[in-house]
Every structure is written in C-alpha cells, then in structure tokens.
Amino acid sequence: MEDGVDWGRFAQQMASMARDLLAQESVGDTLERITASATELVDGCDAAGILVLHARKVETLAPTDQLVVDSDRLQEQLGEGPCFDVVRHAQGQQVHRIADLTGEQGRWPAYAPRAHALGVGSMMGFLLFTDDEDLGALNLYSRKAGVFTEASELAGWLLASHAAVAFASARTHAQMEQAVATRHVIGEAMGILIGSHHLSEDQAFDVLRRYSQENNVKLREVARLICEQGGLS
C-alpha cells in the first residue's frame, strides 16, 4: 500500500471485512478470514498468521503460508524475535514494522539472519487486544525488503483493531455454546443416575463430582461417559 492510497475505498473494504468477520460460524473460520484479509488488504503482504504465546510455547493460528509457521517455530526455538516482542509487550510496543530484516541483527541477532534465510524480507506485527485481554499477535510477512510503509502500518493496525474485536467475540460465543452444551450433558447424565439408582438431584450430582475428582477426569467428560454407556462401570 502506498502513501497515496484511496483511504475512502479502503474504509469501505474494512467495513465489509468487519461484517464478514462477524458472520463467520466458528473461531477457526474467523481467524482464517482475518489472516486472509491481511493478504488481500495490505499491499505487499505475502503471508499472515496469528501467534499466541503460552509461557514460551508458540501456537500458530490460521497461517496463510508455511513461511509463517517456520518463522514462529524459529522464534520459539531461539526465544527472540519481533512477534515475541509484540506479544510480550517488549519495550512497551504493540506494533513492530521491520522494513528490512537484514538490518535488525542488533535487536534479534539469532533470529534475523535465519529468518532472512527462510525468505522473510520485511514484516509487521500487531498486538491483538481488547480492554479485557491480550489475544496474541497478527503478523504480516513480505518476501521483499522495503515493502511495508507507514501507510501499510496504519492499514495493518486498522485491520488488527477489527480483528481483535471479532476474535474476542467469536471466542466468547464459542465458550457460551460450550457452557450450554456442558450443562445439557450434565443434566442428561444426572437424569440417568436418578432414574437408574433412585437418587435425588443432589445425590446424582455428588456422584458425578466424586467420580471426577477421584479419577482426575473433567466433569463434562464424566457426564458424557454416562450418557454414552448408560451409567458408570
């Protein structure tokens, strides 16, 4: 994207993308639409993905290219890199734009040369966050150096802002659906125990709870087992 971009047209594209994100049926579909949108809307973006960091363990979500996975694994292996820095708020930064990776050996001496060998020319990273939580980092890659400009960064930041809201919304919706499904299967399991052993509701739930604790199995899995087998063996 160049500095002379038609921002009015870009705003329309962003609005269309935002509606499209909210129309996705699952968290996975939402994330895939986010990363695909990055390659469609940000000029020079050859690949995109979302990095989530669990302690020092990397999870790569919705990568559009193997390059994204390879870069994330490299950062995990080395314990350094721009995507790590975004997720960890290194130096208080929520955005990284690296115009030419070959000039970044001072900041990431191990990562920079090896990432360049993978085919990374330039990259940008954006923290995905809401008022309540940090969700990970949206990372954009180009195989050429000098591609990403200030306009590219602004476009990526706008995309990331929409993406964070859609990601959080999709995850909350999925959690609510899972909670409803869990309550349903627990209720069904309790009904089986009540009918087969003449228990009260409290007694049936206590059977579930004790089996869960004694066997280190989640309550919903105990309930599912009862529903499938008609009881506990």
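So, what covers the buried residues of helix H7? The cover includes helix H6 (150–197) and helix H8 (219–229). Contact here means heavy atoms within 4.5 Å, and buried means under 20% relative accessible area, with exposed over 50% and partly exposed in between (1.4 Å probe, protein chains only). Helices are DSSP runs of H or I with at least four residues, strands are runs of E with at least two, and both are numbered from the N terminus.

Before we go on, please keep in mind that this is a predicted model, where local features need pLDDT of at least 70, side-chain atom pairs count only at pLDDT 80 or more, and totals for chains, interfaces and linings use all residues. Residues are numbered from 1 along each chain as its sequence is written, and side-chain values use heavy atoms, leaving out hydrogens and water.

Back to H7, then. Its buried residues are Ala-204, Leu-208 and Ser-212. Looking down the axis of H7, they fall within an arc of 75° (taken from the directions from the helix axis to the C-beta atoms), so they line one face of the helix. On the other side of H7 you will find Asp-202, Gln-213 and Glu-214, which are exposed. Just after H7 comes Asn-216, with a positive phi of about 55°.

Now let's turn to the strands. In S4 (residues 122–129), seven of the eight residues are buried. Strands count as paired if DSSP finds at least two bridges between them. S4 pairs antiparallel with S3 (residues 95–98) over four bridges, and His-96 stands opposite Gly-125. S4 also runs antiparallel to S5 (residues 134–142), joined by eight bridges; there, Leu-127 stands opposite Ala-137.
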